[in-house]
Amino acid sequence: MSVRTFHGGRLLLALTTALTGVVAVASPAVAAPGGTPAPAAPLAVAFDTAAARYDVPRDLLVALGYAESRLDMHASTPSAAGGHGLMHLASTPGVRTLDEAAALTRLSPAALRTEPAANVLGAAAVLRSYADQAGLTAATRDDVNVWYGPVARYGASSEAPVARLYADTVYDLLRVGFTGRGEAVAGRPVAPRRGGLERAAVLGGIGTLSTDYGPAAWAPASTSNYTVASRPGSHPVTHIVIHTAQGSYSGTVSWFQNPAAQASAHYTLRSSDGAVTQSVREKDIAWHAGNWTYNTQSIGIEHEGYVDNPAWLTDAMYRASAALTRSLATKYGIPKDRAHIIAHHEVPGATHTDPGPNWNWTYYLQLVNGVTGIGSGTVIASASSLNVRSGPGVSHPVVGSVTDGATVAVYCQAVGSTVTGPYGTTAVWNRIGTNRYVSDAYLLTGHDGYIPNVPRC
């Protein structure tokens with residue numbers, strides 16, 4: 001049976017069964033009241049179906065999607081590198097995973113771009129085809145470590161260090177574990193078989209460091225994507241432009257190396273740990289602002305993630321980016337203020353919205369200006385644990401808990417709803433992680449309210 005198109009919102013499970021003759025094996029369901037099993041979530045079914053159909057390790061498939069998108073379809077809008085959906089299927093010069101998926105699954109490109117289940121199925125089909133070409137057999141495919149080569153190939157980088165960065169990111173997720181969009185992958189020991197990529201330079205390792213900014217790795221953009229210059233002699237450097245990449249760290253670095261991109265930035269920051277890669281020398285003109293005058297007079301900094309998902313905006317990335325911006329501002333005499341450190345959408349004529357409404361300028365500018373302390377506190381709860389909320393106030397959803405007596409880091413402090421607890425009545429809330437807040441009324445910090453040198457959120 002050949003299926004060419006799908007209507008919006010239709011789950012692909014039944015169609016997958018018709019296409020393949022394989023009945024999907026659903027994730028274990030939780031028993032509902034009355035003994036009736038609760039149905040598995042659609043995304044879980046999509047991964048179950050794709051993994052079973054193409055004999056791809058399920059957790060590997062989920063980890064790849066998490067690395068690309070945090071398992072988010074992003075309303076079917078493509079990434080800056082032209083990738084679609086939670087698995088980042090692309091049809092661009094040099095990257096043809098969408099076209100390959102269409103040929104392998106016989107699903108329409110439109111379905112593969114917009115339907116979550118089709119998107120996952122397409123990625124699994126592509127990975128399996130790469131595994132077959134690499135000589136993986138039925139006897140070896142259950143070993144997640146032998147999939148390193150196919151995963152690196154899926155990343156579509158033309159440079160070995162970036163290909164290794166891409167695959168290592170996926171395997172690091174498997175090693176430490178992660179949770180998102182209803183998926184929970186437990187950490188486990190991994191020993192990826194890197195093959196020829198074992199000899200590839202590790203970005204940030206000896207011999208790959210930036211000569212402009214010490215902490216940065218060096219992964220040069222294609223010469224087709226920037227203009228050689230001799231700044232600041234040829235052009236004054238007066239601004240720093242803050243971007244959200246609309247894509248993953250390794251994918252963004254790789255895209256700048258693709259001659260078809262016609263885009264680049266000087267630096268890219270990673271969400272998980274604040275790692276930074278330089279792609280264009282500061283003396284040269286990166287094509288990042290969409291305005292030639294601003295391109296000639298600015299440094300462009302990309303940040304891994306998407307404007308519509310604040311989960312990418314970690315304290316590690318904020319702090320590493322602010323350290324870079326502070327260094328650049330000092331080097332070029334740029335005032336450390338919002339008139340000179342600007343959003344991409346503030347560039348005249350810009351058609352982009354990044355870094356988006358979730359970017360915390362208050363926090364960022366304090367970090368840039370040297371207010372960089374990290375406080376700590378001990379949780380004193382009225383019960384065995386204290387609720388953690390997504391924002392500074394009781395109206396924000398509960399996103400977890402911390403146990404009574406636990407010690408937590410305080411990255412910044414914000415004003416929110418007033419709460420009464422063991423330490424009095426206060427409107428101060430402490431951010432203890434990405435989108436994780438607890439009231440100061442339940443935290444022993446050694447200070448009454450605000451902690452010296454800890455930024456305001």
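Q: Leaving aside neighbours within four places in sequence, which residues is Val151 in contact with?
A: In this predicted model, contact requires heavy atoms within 4.5 Å. Once the neighbours of Val151 within four places in sequence are set aside, the residues in contact with Val151 are Leu60, Leu64, Leu127, Tyr166, Ala167, Val170 and Tyr171.

Q: Which residues touch the most other members of the largest nonpolar core?
A: The largest nonpolar core has 54 residues. Val151 belongs to the group that touches the most other members, and the whole group is Phe47, Leu61, Met87, Trp147, Val151 and Tyr154.

Q: Which helix gives the most residues to this core?
A: The elements that give two or more residues to the core include helix 2 (42-54), helix 3 (58-69), helix 7 (148-155) and helix 8 (160-176). Helix 6 (116-133) is also one of these elements. The greatest contribution, 11 residues, comes from helix 6.

Q: Why is the protein chain described as being as compact as a globular protein of its length?
A: The protein chain contains 12 helices and 20 strands. For 457 residues the globule rule gives 23 Å, and the chain is therefore as compact as a globular protein of that length, since its radius of gyration is close to that value, at 23 Å.

Q: What percentage of the residues in the protein chain is buried?
A: A residue counts as buried when its relative accessible area is under 20%. Among the 457 residues of the protein chain, the buried share is 53%.

Methods
Residues numbered from 1 in each chain as written. Predicted model: local features only at pLDDT ≥ 70, side-chain atom pairs only at ≥ 80, totals over all residues. Heavy atoms only, no water. Core = buried A, V, L, I, M, F, W, Y, C linked by side-chain atoms within 4.5 Å. Buried < 20%, exposed > 50% of the residue type's maximum accessible area, 1.4 Å probe, protein only. Helix = DSSP H or I, 4+ residues; strand = E, 2+ residues; numbered from the N terminus. Rg over C-alpha atoms; globule rule 2.2 N^0.38 Å.
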